[in-house]
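Visitor: I would like to learn how to read a structure like this one, feature by feature. Where do we start?

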2 protein chains.
Amino acid sequence: MNKINIKEKFGLFSDHWSPKIVGELNGQAVKLAKVQGEFVWHNHENEDELFYIIRGTLKIEFEDKTIELNEGEMLIVPKGVEHRPIAEEEVWLLLFEPMSTKHTGAVESELTVENYEYI
Amino acid sequence: MNKINIKEKFGLFSDHWSPKIVGELNGQAVKLAKVQGEFVWHNHENEDELFYIIRGTLKIEFEDKTIELNEGEMLIVPKGVEHRPIAEEEVWLLLFEPMSTKHTGAVESELTVENYEYI
């Protein structure tokens, strides 16, 4: 049982769109990611997903609207809802989601990560 | 689907040791709490619990050690582990835990909350 310093953890990696696991509880993962640019449209059939912004501004496009999230704001995207994150400048994100969640959902893209790294 | 501004939510209440639910996903709750003083010793038999510090310094006593958490730090307390949070000055906390979790565990105290308020 060790404490997790979020900003220190962000200092350990620099790759984009490649979430790292920093904690696990009740079958859920706490992941950190740095993102920049446009992600792929996708949904998670069975999993709700929480985005919490540690640094920067993230836009999440939905079929009918776009939501802009700034530092200290979070959004829960319900399962099945198509979405696409976009970061004009680098954004630091904290994600809460089931351990089983793949960040591109059922979409296979060059951004798909098969095994998430623990840091 | 609405974004949640954490600091705005903290502006909506001032009572201590009374977590409020701000989001729900995959059977888990995101709760916010303001705490000050000493809590009761307790554990959660079946639930891991995540503490994330938004403001202030929280000490968590365990049977064999004390862990001090500052702003931007988190700790996952595994199920079954006895613990007691202590805040010398007011602390703002984000908690992530199953919807079923009671913050005093099986301990009934004057601090026990039967139904968590949504804000």
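The dialogue below goes from the single chain to the contact between chains.

Guide: One caution before anything else: this is a predicted model.

Visitor: How many helices and strands does chain A have?

Guide: Chain A has nine strands and one helix. Read from the N terminus, the order is β-α-β-β-β-β-β-β-β-β. The radius of gyration of chain A is 13 Å, close to the 14 Å from the globule rule for 119 residues, so chain A is as compact as a globular protein of that length. Along the principal axes, its C-alpha atoms fill a box of roughly 40 × 30 × 25 Å.

Visitor: What share of the residues of chain A count as buried?

Guide: Burial here is a neighbour count: a residue is buried if 20 or more other C-beta atoms lie within 10 Å of its own. By that count, 39% of the 119 residues of chain A are buried. Sequence separation is another thing to read. Of the contacts in chain A between residues at least 6 apart in sequence, 66% join residues at least 24 apart.

Visitor: Which residues touch the most other members of the largest nonpolar core?

Guide: That core has 56 residues, and those with the most contacts to other members are Phe51, Leu58 and Leu93 of chain A together with Phe51, Leu58 and Leu93 of chain B. Take Leu58(A) as a case: leaving out residues up to four places away in sequence, its contacts are Phe51(A), Ile53(A), Leu69(A), Pro85(A), Ala87(A), Val91(A) and Leu93(A).

Visitor: How is the size of an interface usually given?

Guide: Often as the accessible area lost when the parts come together. Here, residue counts serve instead. The contact takes 24 residues from chain A and 23 residues from chain B. Among the elements of chain A that each supply at least two residues to this side are helix H1 (6-10) and strand E8 (84-98). The largest share, five residues, comes from E7(A). By type, the side of chain A that touches chain B has 14 nonpolar, five polar and five charged residues.

Visitor: Which strand of chain B does E7(A) pair with, and in which sense?

Guide: E7(A) pairs with strand E1 (residues 4-5) of chain B, antiparallel, over two bridges. In this pairing, Met74(A) stands opposite Ile4(B).

Visitor: What rotation superposes chain A on chain B?

Guide: A rotation of 180°, with 0.0 Å of shift along its axis and an RMSD of 0.0 Å. That is the relation of a two-fold axis. Both copies use the same surface, as 96% of the contact residues of chain A recur in chain B.

How values were computed. Residues are numbered from 1 along each chain as its sequence is written. Chains are lettered from A and ligands numbered from 1 in the order in which they are written. This is a predicted model: local features need pLDDT of at least 70, side-chain atom pairs count only at pLDDT 80 or more; totals for chains, interfaces and linings use all residues. Helices (H or I, at least four residues) and strands (E, at least two) are DSSP runs, numbered from the N terminus. The radius of gyration is taken over C-alpha atoms; the globule rule is 2.2 Å times the number of residues to the power 0.38. A residue is buried if 20 or more other C-beta atoms lie within 10 Å of its own, exposed if 12 or fewer, and partly exposed in between; C-beta atoms are placed from the backbone. Two residues are in contact if their C-beta atoms, placed from the backbone, lie within 7 Å. A nonpolar core is a set of buried Ala, Val, Leu, Ile, Met, Phe, Trp, Tyr and Cys residues joined through C-beta atoms within 7 Å. Ala, Val, Leu, Ile, Met, Phe, Trp, Tyr, Cys and Pro count as nonpolar, Asp, Glu, Lys and Arg as charged, and the others, Gly among them, as polar. Two strands pair if DSSP finds at least two bridges between them. Copies are superposed by least squares on the C-alpha atoms of residues with pLDDT of at least 70 in both.
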